[in-house]
Amino acid sequence: MTNEQRAEALIFEQGFEFDKIDKNYIRLLIEDEIANFQEGSSEYIRLLCGYLFCLGDESDIELIRKAKNDINFDVGCMIDQEWIDSLANGGAAGDGVRSKSELIDIFVEYYKDFEADDF
């Protein structure tokens, strides 16, 4: 499977009911992806980090930052710095950072109709 296909499958599997998604499962997927990054699109790792942002708090910053900075430049560009800044800010808006709830809405809007286009 390509990274876009993996992203599409994860969205189908997990959905966007964040109170029903296991944060530890998402953390494990991110850790595995960092250790065994599959070349190609960065969409899958971006989606994973987005899920962790939506589920997470300040304790998740380091894992998102590690994914952003330790894989490659393209991944670093795909993972939103604003997610990290929002978690560090307790989810409140300010200093050029939108509120966590607004960022979650943007994340869901982007991915709700996501389809892999690299078949």
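**View 1. Contacts of Y51 in the predicted model.** Leaving aside residues up to four places away in sequence, Y51 touches L10, I11, Q14, G15, F16, F18, I21, I26 and F107; contact means heavy atoms within 4.5 Å. This is a predicted model, in which local features need pLDDT of at least 70 and side-chain atom pairs count only at pLDDT 80 or more, while totals for chains, interfaces and linings use all residues. Residues are numbered from 1 along each chain as its sequence is written, and side-chain values use heavy atoms, with hydrogens and water left out.

**View 2. The largest nonpolar core.** The largest nonpolar core has 35 residues, of which I30, I45 and Y51 touch the most other members. Two or more residues each come from α1 (3-14), α2, α3, α4, α6 and α7. Helix α3 gives the most, with ten residues. A nonpolar core is a set of buried Ala, Val, Leu, Ile, Met, Phe, Trp, Tyr and Cys residues joined through side-chain atoms within 4.5 Å. Buried means under 20% relative accessible area, exposed over 50%, and partly exposed in between (1.4 Å probe, protein chains only). Helices are DSSP runs of H or I with at least four residues, numbered from the N terminus. In soluble globular proteins, nonpolar side chains tend to be buried together.

**View 3. Packing of helix α4.** In α4 (residues 61-70), the buried residues are I61, L63, I64, A67 and K68. They pack against α2 (23-35), α3 (43-55), α5 (73-78) and α6 (81-88).

**View 4. Aromatic pairs around Y111.** Rings of Phe, Tyr and Trp (its six-membered ring) pair if their centres lie within 6.5 Å; planes under 30 degrees apart count as stacked, over 60 as edge-to-face and the rest as tilted. The count by this rule is ten aromatic pairs. F107 and Y111 form a tilted pair, because their ring centres are 5.0 Å apart and their planes lie at 55°. These two residues are four apart in helix α7 (residues 100-111), so about one helical turn separates them. F107 counts as buried because its relative accessibility is 3%, and Y111 counts as buried because its value is 0%. Y110 and Y111 pair edge-to-face, because their ring centres are 4.6 Å apart and their planes lie at 85°. Y110 is partly exposed, with a relative accessible area of 44%. One aromatic cluster is formed by F16, F18, Y51, F53, W83, F107, Y110, Y111 and F114.

**View 5. Charges over rings.** A charge sits over a ring if NZ of Lys or CZ of Arg is within 6 Å of the ring centre and within 35 degrees of the ring normal. R6 places its charged end over the ring of Y44, 3.9 Å from the centre. R46 lies over the face of Y110, 5.1 Å from the ring centre.
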